[in-house]
Structures are given as structure tokens and as C-alpha cells.
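I opened the model to go through its helices and its core. My notes follow in the order I looked things up.

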Amino acid sequence: MLMAHPVVLRELVEQYETLQALHAENGSAEARRRMDDLAYTLCVSTGTRDVDAALIAARRRLPEAHDGEEPALTA
């Protein structure tokens, strides 16, 4: 299975968490729709079926994201 680059996963997680806080604060429909979109993207990017599992899987890959460095490819 192909996995998203750790930097992409980090951005997705950060966006989701920001929107989650924003939605909790004001409950806007726009924030909820964007969260749903990000949840779907996270699930597809991590090969999971729910956002909680996707967030866990994404966070497991985050330590591999080095600032400005490409991680080594593995077979």
C-alpha cells in the first residue's frame, strides 16, 4: 500500500486538529465540512476506515518527517 509522505500527513493532522478546535469553539458548518473532507483524506492516506485510526496511523509516521529532509525509501 502506498503511504502519504510524512510531511503531508503532518499538515493533514495539523489542519484537522485546528478545525476540530474551531468547530468546538463556534460549531460552524463550514468547519465541519472541511473536517469531514480532511477525515476522508486522512483515512485514504493511511489506509484506515475511521478518523481516529487515521490520526493514530498518521502520528506514527510523523517522527519520520525531518525538516527539509527526505526520508530514506524502504522496500
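The expected span of a helix is 1.5 Å times one less than its number of residues. I needed that rule for the first check.

**Entry 1: length of H2.** The model is predicted, and I started with helix H2, residues 29-46. I compared its length with the rule. Its 18 residues should span 26 Å at 1.5 Å a residue, and the end C-alpha atoms are 26 Å apart, so the two agree.

**Entry 2: faces of H2.** Which residues of H2 are buried? I listed Ala31, Met35, Leu38, Ala39, Leu42, Cys43, Ser45 and Thr46. I then looked for the packing partners of the buried residues of H2: they pack against H1 and H3. Just after H2 I noted Gly47, with a positive phi of about 70°.

**Entry 3: H1.** I ran the length check again on helix H1, residues 6-26. Its 21 residues should span 30 Å at 1.5 Å a residue, and its end C-alpha atoms are 30 Å apart, which agrees. The buried residues of H1 are Pro6, Leu9, Leu12, Val13, Tyr16 and Leu19. They cover an arc of only 155° around the axis, which puts them on the same side of H1. Exposed Thr18 and Glu25 sit on the face turned away from the buried side. H2 and H3 are included in what covers the buried residues of H1. Gly27 follows H1, and its phi is positive, near 60°.

**Entry 4: the core.** I looked up the largest nonpolar core and found 16 residues in it. Tyr16, Leu42 and Leu55 have the most contacts inside this core. H1, H2 and H3 are the elements that give two or more residues to it. H2 provides the largest share, six residues. Leaving aside neighbours within four places in sequence, Leu55 is in contact with Val13, Tyr16 and Leu42.

**Entry 5: confidence.** Mean pLDDT for the protein is 83, and 83% of its residues reach 70 or more. Where pLDDT is low, the predicted coordinates should not be read in detail.

Methods. Residues are numbered from 1 along each chain as its sequence is written. This is a predicted model: local features need pLDDT of at least 70, side-chain atom pairs count only at pLDDT 80 or more; totals for chains, interfaces and linings use all residues. Side-chain values use heavy atoms; hydrogens and water are left out. pLDDT is the predictor's confidence in each residue, from 0 to 100. Helices (H or I, at least four residues) and strands (E, at least two) are DSSP runs, numbered from the N terminus. A nonpolar core is a set of buried Ala, Val, Leu, Ile, Met, Phe, Trp, Tyr and Cys residues joined through side-chain atoms within 4.5 Å. Buried means under 20% relative accessible area, exposed over 50%, partly exposed in between (1.4 Å probe, protein chains only). Contact means heavy atoms within 4.5 Å. The arc is that of the directions from the helix axis to the C-beta atoms.
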